[in-house]
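Trainee: I would like a close look at one part of this protein. Please start there and then carry on through the rest.

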Amino acid sequence: MTMHRRDVMRGIGALPPLLLLGDRLQAAELAKPVFADAGTAKDFCETVLKAAKSAGADYVDVRLIRTREQSLYARNNRLAELADDLSAGFGVRCLYRGAWGFASSSIVSPESAQTTAQLAVEIAKASARSVVEPVVLVTEPVHATGKYITPRVVDPFGIPLAKKAEILLTANAQMQKIPEVKVAFGQMLFIQTDKYFASSEGSFIQIDGLISTAELTANAAGNNDQQSRTYEIFPRHAGWEYIEQGNFGAQAERVAQEAKLKLTAQASPQGKYDLVLDGSNLFLTIHESVGHATELDRVLGYEADYAGTSFATTDKLGNFKYGSQYVNLVADNLYPEGLASTGFDDDGVACQRWDIVKEGTLVGYSTNREVAAKINQTRSRGSSRAQGWDAIPIVRIANVGLAPGSGTPAELIKDVKDGIYIEGNGTFSIDQRRLNFQFGGDMFYRIRNGEKAEVLKDVVYRGVTPQFWGSCDGVAGAEYWKPYGVLNCGKGQPAQSGRMTHGAAPARFRQIDVAPGRNS
């Protein structure tokens, strides 16, 4: 079964009719459960498993998933987009003589369970004819009654669309009170997922996930320039209460004023400078230079033709200096609000916490049940995830974060004679081995004699991964650590979008190459 309700209406100036229509859709079509109860879902999964085993599969798992996504997008004084999607289906994955087969269907019925399972086995049998190195899965305890619900207090789908739209439009109006702000944007997104996982090993797992996020952007023009500033309520496992805590009303004026400030800001200097990077900037650097670099399938060369391999090869495990002694990068899929914290991954492996880099040394990877065996590990780290029911699970980055140190951001800045403070994320690029990179940002301040000074614009910093992390000589304390969720991590062919969270407190890096972004 699959249902879609996209673009309920676009470009509407008269809000009340739109919102009444949208609320009726929510109450009727979109709010219906796809699966009557866990018992019904389990029966369906058992039908799939039985059909695949009967067709000759050595191992089978099935994921039965229902996902609802609601998004609102406001441009200036109108709600430009409203979308409310519901999608449901199942995916079957099986092994036959060490080769994978996968098939999926949007038709959730006993007949489809049979035919889809048989197709997955047929594909596995065809693949087995040319298998070179049979797939071996490391063991995982059976989770016969696994269940996980991500944290939330208030269901965002129960909040009227009129209230959501009013918050966005009010914030846009506040930003446009600054004459230089020519275009104001606001958006919200809510994703609710019901997932059932079952395997021929005996696991049956239920997962109820809810993600909330929103953001504002002010685009300013003047002084022969255009600049923008964004405030993001980063994606998180949370409910409507998280959006309210983000307090758009208080942030809108600041965002607009900072966009205006950038119009007359000094251009980025060029040369070597000490940097103090806010967590809102550093999370993307962690994602690209550490998260992707330590996905074991990438390290082993399985992800070579799309977005590259990795320099962090297995011979370096336990002996390679990834960074300085201040650098502790931890994978934490037990952090409740983290987007990779789903209780269990798509291999049916329980989520865990482990070290990736400890006191500067590379000590761990993100793995699934297949690649863990390649480095003689006895258990997967639980980092196998798929975009949806119609995609095969692959190794994905965990919730990799920079562990906090001690002290305050002001103390980090105080020990910088001439440097730059960077907030927010901007443009970036990184090479195929996750070594050479450059990152921008969203707000920049010159540091002079231990204090934040004038605003800068268009700053880009460049580095080589181990040298960059090796230059870190301070991380602020736990009270300044914040999580930053990512919803659109691209990987795989066909391409899939993954989700994870990277936490960080402000950190200091010495003598990093800096240049103007627009002229680089």
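Is Phe-157 buried or exposed?

Mentor: Bear in mind that this is a predicted model. Phe-157 is buried, because its relative accessible area is 9% and the cut-off for buried is under 20%. The residue sits in the loop between strand 5 (146-149) and helix 4 (161-175). Ile-191 comes 34 residues away from Phe-157 in sequence. In space, the C-alpha atoms of Phe-157 and Ile-191 are 9.3 Å apart.

Other loop residues can be read in the same way. Take Thr-294, in the loop between helix 7 (279-291) and helix 8 (296-299). Thr-294 has a relative accessible area of 0%, so it is buried. Leaving out residues up to four places away in sequence, Thr-294 touches Val-299, Tyr-322, Ile-356, Leu-362, Gly-364, Tyr-365 and Ser-366.

Asn-224 is not a glycine, yet its phi is positive, at about 55°. Its loop runs between strand 7 (204-222) and strand 8. With a relative accessible area of 86%, Asn-224 is exposed. Arg-434 also has a positive phi without being a glycine; the value is near 65°. Arg-434 belongs to the loop between strand 18 (428-430) and strand 19 (436-439). Its relative accessibility is 5%, so Arg-434 counts as buried. To put the pair side by side, Asn-224 is exposed, whereas Arg-434 is buried.

One peptide bond also deserves a look. Gln-493 and Pro-494 are joined by a cis peptide bond, with omega at about -5°. Pro-494 lies in the loop between strand 24 and strand 25 (496-504).

Now the helices. Helix 3 covers residues 110-128, which makes 19 residues. At 1.5 Å a residue it should span 27 Å, and its end C-alpha atoms are 27 Å apart, so the two agree. The buried residues here are Ser-112, Ala-113, Thr-116, Ala-117, Ala-120, Val-121, Ala-124 and Ala-128. They cover an arc of only 160° around the axis, so they lie on the same side of helix 3. What do the buried residues of helix 3 pack against? Their partners are helix 2 (38-54), strand 3 (78-96) and strand 4 (99-105).

Helix 6 can be checked likewise. Its 16 residues, 248-263, should span 22 Å at 1.5 Å a residue. The end C-alpha atoms of helix 6 are 23 Å apart, which agrees. Buried in helix 6 are Phe-248, Gln-251, Ala-252, Val-255, Ala-256, Glu-258, Ala-259, Lys-262 and Leu-263. Seen down the axis, they fall within an arc of 165°, so they line one face of helix 6. Charged residues are among those buried here, including Glu-258 and Lys-262.

The largest cavity holds about 40 Å³. Its lining is made of Tyr-59, Glu-140, Pro-141, Phe-197, Ser-199, Glu-201, Ser-203, Asp-347, Gly-348 and Arg-369. By class, these are three nonpolar, three polar and four charged residues.

The second largest cavity has a volume of about 30 Å³. Pro-235, Arg-236, Tyr-335, Glu-337, Pro-483, Gly-485 and Thr-501 line it. Strand 8 (225-237) and strand 24 (482-491) each give at least two residues to this lining. Three of the lining residues are nonpolar, two are polar and two are charged.

Finally, consider an open site. The second largest pocket contains about 740 Å³ of space. Its lining has 29 residues. Nearest the centre of the pocket lie Trp-100, Glu-370, Ile-392, Pro-393 and Ile-394. The lining of this pocket comprises 13 nonpolar, five polar and eleven charged residues.

Back to the starting point. Phe-157 is a buried residue in a loop between a strand and a helix.

Key: Residues are numbered from 1 along each chain as its sequence is written. This is a predicted model: local features need pLDDT of at least 70, side-chain atom pairs count only at pLDDT 80 or more; totals for chains, interfaces and linings use all residues. Side-chain values use heavy atoms; hydrogens and water are left out. On a 1 Å grid over the protein atoms alone, a cavity is a set of points where a 1.4 Å probe fits but cannot get out, and a pocket is an open set with protein on both sides within 12 Å along at least five of seven lines; lining residues have an atom within 4 Å of a point. Grid points are joined across faces, edges and corners, and a volume is the space filled by probe spheres set on the points. Helices (H or I, at least four residues) and strands (E, at least two) are DSSP runs, numbered from the N terminus. The expected span of a helix is 1.5 Å times one less than its number of residues. Buried means under 20% relative accessible area, exposed over 50%, partly exposed in between (1.4 Å probe, protein chains only). The arc is that of the directions from the helix axis to the C-beta atoms. Contact means heavy atoms within 4.5 Å.
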